[in-house]
2 protein chains.
Amino acid sequence: MGRQAEKSEASIASVLDVALELFSSQGFRATSMREIAAKSGLSVGNLYHHFPNKEAIFRQLIERYWERLLDPDLRLNRLFAEARFPDDLPEMAAAIEEVVEANTPYILLIYVDVIEFGGEHIRAFYDNMSERFEAAYGERFRRLREEGRIGDVDPLVAVMVASRWFFYFFTVEKCFGVPMHFGMSPRQAVDEFIRLIRRGLEPRPDDATGAV
Amino acid sequence: MGRQAEKSEASIASVLDVALELFSSQGFRATSMREIAAKSGLSVGNLYHHFPNKEAIFRQLIERYWERLLDPDLRLNRLFAEARFPDDLPEMAAAIEEVVEANTPYILLIYVDVIEFGGEHIRAFYDNMSERFEAAYGERFRRLREEGRIGDVDPLVAVMVASRWFFYFFTVEKCFGVPMHFGMSPRQAVDEFIRLIRRGLEPRPDDATGAV
DNA sequence: CGGAACCTAACGATCGTTCGGTTTTTTATG
DNA sequence: CATAAAAAACCGAACGATCGTTAGGTTCCG
């Protein structure tokens, strides 16, 4: 199975692409099988030959998103694996921007899931978030603490806040269609976020007066 | 218009309540006028006597959410008006938790709007966010800076990050149905967030060694 | 009496899904 | 390699249900 199945695999991929576009831009119930069939150049009957029902298409899309997010070759995942937080904050922001940019419709799909399926699928993502971060960063943070390189803030909370915040910020920028919602360019906003996470709001004795 | 209109006003309010519940739990297109009519004890014909069409109900709900958010008596808005940031961070977190708790279905409505209406209505909320915060906090922050009570982080960015982050955090907790998604109680998580915003991740000279 | 509130029934369209059948591809056999 | 049988891919029409909205009428109330 390789050559001979190529055409049908291409068709199925096309169906999924079309369905992703439609589901993410108008919702699950508002998207009809006829619309998916027409836009992907298949007949309705054939569509049901490849998928048992409409929800199966949706489920498969959610699964595809999962696979994309867990891909070890993803820049963000390589970054998590390297565990250089907080030294890599700028790279983390850039990697998350990349993820959001490359998965805009999938991210919207999550909100479709929250609304129309009660958040069945999103839960798995958030549920064990703290465990996954602990697995990736726990050891490093214990070492950093021994070296006195960590203040009185829990770095595990900090890395979760940072990554979730970047993700949310770019989601609003790119998926909700509200660019510059912080009144400045994303690049500048990210710089400010990183400074806040690193330095905190309270002045430090070693601060310059006003910091240009 | 007061007494004699009471019954119909009660009906309309009931319609809006029912529609809010349905729209926020299954989406706009997935909710039928018949369902709204049945659950609010009206006939379909009478429903169309009070609203020109389905979208008008949705629009009215968005409008009601706006009014609730802008209510000057809202604890969060009184807090913004007092402009005591960052001294009031704990109260701000509590006030935002209160807002999210009291408006859970309305918040979900925003995501319905993003998906099914291309985010027509959410934009107005985010669009002038930075201006509104500048109007509320600009003067205070300039004074604080003169007093040397502000470090090298832009406090206007900080107050926007803080409030948006609290809002997002409680939205995931209460609207997406993923409680404890930081692996700790909301109270404890909020404490950590506040410490992060105030102190930053980098150790300070005046830090205690490990800070229990 | 007049208008607002309210009702049921119906219209035309569209929905998810199924059905019966044709075409194309794969596989097995001589 | 030719070819028949089996399997997979594919199609448009149709089914029963439901959709948003309207029509035409009755009831309530000042």
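In this predicted model, chain A and chain B are in contact through 61 residues of chain A and 61 residues of chain B. Together, the two chains bury an area of about 5800 Å², and 66% of that area comes from carbon and sulfur atoms. On the side of chain A, the residues that lose the most area to chain B are Ile115(A), Asp152(A) and Leu201(A), which together give 14% of what that side buries.

Four salt bridges are counted between chain A and chain B. Arg199(A), for example, forms a salt bridge with Glu202(B), with 3.1 Å between the closest N and O atoms.

Where along chain A does the touching side come from? Two or more residues each are given by helix 1 (6-26), helix 7 (104-116), helix 8 (122-127), helix 9 (129-146), helix 10 (155-174) and helix 11 (186-199) of chain A. Helix 10 of chain A provides the largest share, nine residues. Sorted by class, the side of chain A that touches chain B holds 33 nonpolar, 12 polar and 16 charged residues.

The arrangement of the two copies can be described next. Chain A is superposed on chain B by a rotation of 180° with 0.0 Å of shift along its axis, at an RMSD of 0.0 Å. The two copies are therefore related as by a two-fold rotation axis. In chain A, the C-alpha of Gly200(A) is the one nearest this axis, 1.7 Å from it. Of the interface residues of chain A, 100% are also interface residues in chain B, so the copies meet through the same surface.

Notes: Residues are numbered from 1 along each chain as its sequence is written. Chains are lettered from A and ligands numbered from 1 in the order in which they are written. This is a predicted model: local features need pLDDT of at least 70, side-chain atom pairs count only at pLDDT 80 or more; totals for chains, interfaces and linings use all residues. Side-chain values use heavy atoms; hydrogens and water are left out. Contact means heavy atoms within 4.5 Å. Buried area is the accessible area (1.4 Å probe) that two parts lose on being put together, summed over both. A salt bridge is a side-chain nitrogen of Lys or Arg within 4 Å of a carboxyl oxygen of Asp or Glu. Helices (H or I, at least four residues) and strands (E, at least two) are DSSP runs, numbered from the N terminus. Ala, Val, Leu, Ile, Met, Phe, Trp, Tyr, Cys and Pro count as nonpolar, Asp, Glu, Lys and Arg as charged, and the others, Gly among them, as polar. Copies are superposed by least squares on the C-alpha atoms of residues with pLDDT of at least 70 in both.
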